[in-house]
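Trainee: Could you take a close look at a single part of this structure with me? I would also like to know how that part sits within the whole.

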Amino acid sequence: MRLRKLSYAGGAEITGVDLGKDLPQVVLDDIRSAWLEHLVLVFPEQEFTIEQHIRFSRQFGELEEHPLKNLQGTNYPEIFEITNEPVDGKPSETGEIGRQWHSDGAYTTRPPTGSLLHCRALPDVGGNTWFANMYMAYETLSPKLQELLAGLEVVNDVNLYYRRGNGSRSQGKVEEDSKANPPVIQPMVRTHPETGRKALFVSEAVGVRIHGMTEEESAPLLQFLFRHSTRPEFTYRHYWRRFDLVFWDNRCLQHLAPKDFDFSQVRHMCRTTLTGTPCGRVEAALG
Ligand code: SIN
């Protein structure tokens with residue numbers, strides 16, 4: 001197994017390993033250590049089946065079903081399919097997923113540990129995924145602001161993404177998703193349970209306001225944090241090749257899937273998602 005760093009902000013390419021095969025524990029341990037250190041691992045040329053994708057992923061934890069139930073796709077509950085291909089003759093509802101910076105499941109009280117995204121079809125150019133290192137975002141803030149953020153929480157609401165006109169989902173399904181996923185309150189800074197490092201935890205896609213403040217009062221600080229956390233020097237941009245498997249740590253990253261390609265060409269990805277540990281609380285539960 002060989003490792004090559006991909007950027008200052010994170011990312012490492014790992015070659016010389018076939019993820020479709022049974023791997024000895026020592027190799028899995030090395031992969032996990034590399035993942036914690038580099039945050040995004042890229043495994044090229046992994047031409048495996050969906051079953052092999054699921055089997056490889058399970059070795060890093062339990063797999064969750066997507067919280068937006070009717071977005072799932074495929075017959076495998078563990079697979080979240082992201083495609084711009086029509087489904088049953090209708091426009092795909094996942095074709096516009098991830099167009100704003102976010103950390104997966106930040107609008108739930110169990111944000112995932114990580115995700116493993118496999119590229120099955122790709123346009124001629126573009127279709128990239130960007131990652132932002134949220135350790136760096138936190139560590140580059142002044143100590144006074146770090147102190148302030150330690151006492152703040154953010155309200156995340158999946159509905160915000162749709163309210164802004166993103167996504168291509170029917171009104172009925174949006175309402176269903178919103179009902180099943182009420183706004184949650186999350187800490188603005190979280191400590192990574194495995195590395196012990198602090199990471200900023202804000203997501204432009206779903207971050208509505210600072211808990212206890214109005215949207216107007218919250219906006220200047222939130223807008224600053226959204227901008228700051230995705231500064232180019234904190235990012236790694238992944239240029240996909242077909243059959244890349246990209247494995248990222250959701251606890252210290254945000255990501256974005258820009259619409260940087262010809263939408264008449266197919267972009268088809270399959271994702272497994274590692275179940276996280278409880279974090280945050282539902283806002284309505286407070287009364
Ligand atoms: C996502 O997981 O948000 C989508 C990433 C991608 O399609 O590149």
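Mentor: The protein chain exposes about 13,100 Å², and 52% of that comes from carbon and sulfur atoms (accessible areas come from the Shrake-Rupley method with a 1.4 Å probe, and for residues only the protein chains shown count as cover). Keep in mind that this is a predicted model, where local features need pLDDT of at least 70 and side-chain atom pairs count only at pLDDT 80 or more, while totals for chains, interfaces and linings use all residues. Residues are numbered from 1 along each chain as its sequence is written, and side-chain values use heavy atoms, with hydrogens and water left out.

Of the 287 residues, 56% count as buried (buried is under 20% relative accessible area, exposed is over 50%, and partly exposed lies in between, with a 1.4 Å probe and protein chains only). The protein chain holds seven helices and 16 strands (these are DSSP runs numbered from the N terminus: H or I over at least four residues for helices, E over at least two for strands). The radius of gyration is 18 Å, close to the 19 Å that the globule rule gives for 287 residues, so the protein chain is as compact as a globular protein of that length (the radius is taken over C-alpha atoms, and the rule is 2.2 Å times the number of residues to the power 0.38). Among contacts with a separation of 6 or more, 82% link residues 24 or more positions apart (a contact means heavy atoms within 4.5 Å).

Which strand pairs with S14 over four bridges? The partner is strand S6 (residues 129-133), in the antiparallel sense (two strands pair if DSSP finds at least two bridges between them). Within this pair, asparagine 133 stands opposite leucine 253.

For contrast, here are two loop residues. Leucine 39 is in the loop between helix H1 (25-38) and strand S3 (40-43). Although not a glycine, leucine 39 has a positive phi of about 70°, and at 2% relative accessibility it counts as buried. Aspartate 88, in the loop between strand S4 (80-83) and strand S5 (114-121), has a positive phi of about 50°. With a relative accessible area of 74%, aspartate 88 is exposed.
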